[in-house]
Amino acid sequence: MRVNEKYSTLPAADRSVHIINICAIEDIGYLPSEGTLLNSLSVDPDAECKYGLYFRDGARKADYVLVYHHKRASGSRTLARRVQHSDAGLATRSARQDRPLPGKAGPVGAGEPEPPLDYHEDGKRFRREEYEGNLAEAGLELERDEDTKIHGVGFVKIHAPWNVLCREAEFLKLKMPTKKLYHINETRGLLKKINSVLQKITDPIQPKVAEHRPQTTKRLSYPFSREKQHLFDLSDKDSFFDSKTRSTIVYEILKRTTCTKAKYSMGQGEGRKKDSALLSKRRKCGKYGITSLLANGVYSAAYPLHDGDYEGENVEFNDRKLLYEEWASYGVFYKYQPIDLVRKYFGEKIGLYFAWLGVYTQMLIPASVVGIIVFLYGWATVDENIPSMEMCDQRHNITMCPLCDKTCSYWKMSSACATARASHLFDNPATVFFSVFMALWAATFMEHWKRKQMRLNYRWDLTGFEEEEDHPRAEYEARVLEKSLRKESKSKEKRRHLPEEPTNKWRQRVKTAMAGVKLTDKVKLTWQDRFPAYFTNLVSIIFMIAVTFAIVLGVIIYRISTAAALAMNSSPSVRSNIRVTVTATAVIINLVVIILLDEVYGCIARWLTKIEVPKTEKSFEERLIFKAFLLKFVNSYTPIFYVAFFKGRFVGRPGDYVYIFHSFRMEECAPGGCLMELCIQLSIIMLGKQLIQNNLFEIGIPKMKKFIRYLRLKHQSPSDHDEYVKKKQRYEVDYTLEPFAGLTPEYMEMIIQFGFVTLFVASFPLAPLFALLNNIIEIRLDAKKFITELRRPVAVRAKDIGIWYNILRGVGKLAVIINAFVISFTSDFIPRLVYLYMYSENGTMHGFVNHTLSSFNVSDFQNGTAPSDPLDLGYEVQICRYKDYREPPWSEHKYDISKDFWAVLAARLAFVIVFQNLVMFMSDFVDWVIPDIPKDISQQMHKEKVLMVELFMREEQGKQQLLDTWMEKDRKKAEPFNNHSPTPPAPPDSPDFPGGAL
C-alpha cells in the first residue's frame, strides 16, 4: 500500500487531499467498510496511544507535531470541512462529505444559512492541505486531531517510517553505530592507579546515569548507508534511531517541503483584478516551507514531543524523568552533569552549551580559591599598611580642600580612614599577582575547553562533521521574490516598447512554464539592496551607545548634585558618609538602568538584524549575537569604565576646576584612590545582574506565566476543569509550554559574567567566587527550565560553540590590557613603587601620603567658590591639600604640574607595556604548550580509521571470495558438459581431413 493510500480511500486519480481529521472521523461521513483509518481507533484511544505520544493505533510514534488555529462553533464537535478543488473528483468528494452524519439529523449546515466566507482562513487551510499532502508524498505519515481540550486548536501528529528514516539519515550523513565493537585504550601504570583513585573519590558526585559511566568499549560509527545496512546493528529497529534523531529528520523534511499555492482567494471585484498578475506570479514562484508557514500564521507552532511526564506516581520511566531527577533538581547541585544524556535528549548544540558551562564553573574553583587568598592577605596586612596608617593618624592633622563649591567646607584626611583601610583589601601587592594569574587562567580555560570539546566530538561521533549550508530563511526568500518580480516587470516594460519578433510558440510555452522555477535562481540580495539596512544599523548602534553615555553622564550629574546637597545637611553623620551614600545610590541607579536597557537593546538588536535580511539562520544568529553583545557590553561596562579610568582624571585643581555645563564641578577620587569605589561599583552591578536578571527573571517569569495559565483554566466550570486536566494529551501539554527561544540569552549572560570575572578582577578579587556560587545555581536553573518550562527543542548537530568562542578569546585578550591599566592608573601600586625606590629617605613607605598631596593657598580661590563657612573645623585654614602632583603656591611656577607627575606617568606607561607583553607571551605559551587534541583521543581517532579500513577490506575480501566460489561452482558445472561433448570435425586444411594438405 502506498503512503497516500493510508490516509484516503479515494481512487488514486481522485486524490489531492492527503489528510483527514481522525478525531472527527464520525463527522466525515465515511462508512466503516470504506475507511482504512477506522482500524486505528480503539475503545480507549488515550491509553493505546499513551496519551498522545503515539498515533491512535498505539504502534507509530509521534515524532513531531504541527499546531494550527481553526474556527469552529462552540459547544459542537468538529465537523468535516468542505474543501473546494478544481479537479475532476470534486463531485465525488462533495457527495461523500455531504452524506448525513451517523446518528445526526442531516448534513453539515442543513437548514441553516451558510456562514460568511473568510478568505484569510480559507487561504491558510488551502496551504495546510497542500503542505500536508506534500509531506505525505515525502513519505511521512500524518494524523490530525481537532477534537482537543484546547478550544480552536488543531494538532497534526507526524510519524517517520523506517524507510524515510533510512533515506534521510543517508542524506544527512548521520554517523550511526555499526556492529563492530572495539576496546578503548586504557591508561597503564601510574596514571591508571591515579584514575582509579580519582574515580573512587568522585563516585559520590557522579550522576546515577548509565550514559555517564566510564566506557571500556565503543561501537565503530559510520555514516548511514542503505546499501550497507548489514554493517549496522539493526536488531532493534525501533531504538536504532532515537527520538532526538527522528525529530531532527522530520524537521529537515519540514524545512525542505514547500507549498506553492497562492495565499488565498482574493475575493471578487476590482481588488482581485488589480492584483491578478502579481497573484499569478506568486502562484508560480512563492514557496512556503515550515518556517514561512509559521511566520505567516498558517501554523502556530511546530515542535517534537517530550518523552513523557517528569513527575508523578504512575509515570513511566523515561529520559525526561531521569534528567529531572539527576540533573534538574537543586538537590544534586554538587554532582557532575549527565552531559551524554543531555545530548541524547536535546542534541549536540544544547549539550555543548551545558558542557561549556560545566567546564567554566569547574575552572572558577581555583580562581575563587586564589581570589579568597588574595582578599585574606589584604585583610591580614591591613594593620601593617603604612599609607593607610598615616591617613588614619589624627596627629598628622592634614586639612583637605573642599569637595564642592560654597556649600562644602574643609575636611580632615583622617575622616577617610575607613575607606583607606578598605582599599587595602583590594589594592595590595597580591592584586598584581592575581591579575597575572587570571590572565593565565583565562588562557588555560580556553585550552581546557578545546580539549574537552574534542573529547565530546569523539564520544558523540562528530569527528569529520562539517555543517552544510542551511536553508534560506523565509524573509530572505520573500525579499528575493519581491526583487525578482520587480526585475521581471521592468524587463517586460522594456520588451513592450521593442518591436515584436516572430517566436517559436513551443519554445515560448516552455519559457513561460519554467519562468516560475527560474525566476529566483540567479537573483540574490547584494550590498546595494542591504545598504539602507546597514546604514540604519550603523546610525542606530551609534545612537544607542550615545544614549548609554548620556545616561552615565546623567548619573554623574546626580552624584555631584547629591554630594553638594548632602554637604549642606546639618547632621555630622550624614556629612561624614557623603561619599558612601552617593556611591551606593548611584550604583543602584546604574544597575536598574542597565537591566532595563539590556531588555531594550536585545529587542533593538533583533530588529536591526531582521531588516538586514540574512540568508540563513546561522548568519542571522551570528549577526544578532554580535549586535546584542556590542550593545550589552557597552551598557554593562560603561559606568565601570568611567570610575576606573575617567573619574578624578579631569578635575583640575583648586581655583581652576573643570565644570560640566558651567555649573557642576567634576567629582574627585577619595584620597586612597578610586579603586575602592570601582570595587563597590563592580560588585553591586555584578551581583545585582546575577540575582535579578539571571535568576529572579528566569524563575519568576515562567512561574508567573504558569500562574496566568492556571487562572485562565480556573475560569472554566469545575467539571470542564477536571476533564481538562485528566484527558490532556502529551502534545496538548507541550503546547502550553514556552517555545524555545535559542541559546543566545543563556550564552550572553555567561559571557557578560566572564567579563566581570576577568576584565576588572584587579579591583575585585572575590568576583570569581560570586560567579562560582551563581553558576552552581544557574546550571540547575537552566536545566529545570529546559525540562519543565520549555517545549522540547529540535536537536541540532554542532561540533563547537560557534562565534561565542571567538568572543571569549577577545574578552580574554582585552582583560589583559584593562587590568594593566587598572593596576597602573586606578590603583596606587605604581606611585608607591616610584616613591619607594626614588623618593623614600629610609626605604620605607613613611611619608608617601604627604608626597602624593599638593598644597593650595585658600586666598587663590575664584570668586564665589570659597567655602561659605571657613571656620567649620574650628580654626582658620590658610593652606589646604589636594591629591595631585603640582608645584606649591610658594614656588616660582605655582600650581604647575611637577616633575614627580611625569616620573609616575612614565612608570605607569612602562608597566602597562611590560605587563601586557609579558602576560600575552605567557598566555600564548600556555596555548602552544597545551595541545588542542588530547593524545589519547588522537590515538583513538587513528585507531577508528584503521578499524574502518580493515572492516571494508574484510568486506571486499568476503565479496571476492563469494564471487570466486560462485565462479568455481559454475566452472565445475560446465566441466562435465565439456567432457561428454562430441569431438568437433577437423578443419578442411588439416592433415586429418580427407583431401586436405599433403
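This is a predicted model: local features need pLDDT of at least 70, side-chain atom pairs count only at pLDDT 80 or more; totals for chains, interfaces and linings use all residues.

Q: How many residues does the largest nonpolar core have, and which have the most contacts inside it?

A: In soluble globular proteins, nonpolar side chains tend to be buried together. Here the largest nonpolar core has 124 residues, and F346, W356, Y360, W441, F760 and I801 have the most contacts inside it. Helix 14, residues 348-380, gives the most to this core, with 15 residues. There is also a second, separate core of 43 residues, with I158, A169, L234 and F952 among its members.

Q: What is Y360 in contact with, leaving aside its neighbours within four places in sequence?

A: On that count, Y360 is in contact with W441, F445, M750, Q753, F754, V757 and N775.

Q: Which residues form a nonpolar patch on the surface?

A: The patch is formed by W527, F531, Y534, F535, L538, V539 and I542, which together have about 750 Å² of accessible area. W527 lies in helix 20, residues 527-567.

Q: Why does W527 count as exposed?

A: The cut-off for exposed is over 50% relative accessible area. W527 is exposed because its relative accessible area is 56%.

Q: Is S221 buried or exposed?

A: S221, in strand 5 (residues 217-223), counts as buried because its relative accessibility is 7%, and the cut-off is under 20%.

Q: What does the side chain of S221 join in a polar contact?

A: The side chains of S221 and D461 are joined by a polar contact of 2.8 Å. Not counting residues up to four places away in sequence, S221 touches K175, M176, P177, D461 and M948.

Notes. Residues are numbered from 1 along each chain as its sequence is written. Side-chain values use heavy atoms; hydrogens and water are left out. A nonpolar core is a set of buried Ala, Val, Leu, Ile, Met, Phe, Trp, Tyr and Cys residues joined through side-chain atoms within 4.5 Å. Buried means under 20% relative accessible area, exposed over 50%, partly exposed in between (1.4 Å probe, protein chains only). Helices (H or I, at least four residues) and strands (E, at least two) are DSSP runs, numbered from the N terminus. Contact means heavy atoms within 4.5 Å. Patches are made of residues with over 30% relative accessible area and no salt bridge: like charges are joined within 9 Å, nonpolar side chains (Val, Leu, Ile, Met, Phe, Trp, Tyr) within 5 Å. Accessible areas come from the Shrake-Rupley method with a 1.4 Å probe; for residues, only the protein chains shown count as cover. A salt bridge is a side-chain nitrogen of Lys or Arg within 4 Å of a carboxyl oxygen of Asp or Glu. A polar contact is a pair of N or O atoms within 3.5 Å; within protein, one must be able to donate a hydrogen and the other to accept it, and residues adjacent in sequence count only if both atoms are side-chain atoms.
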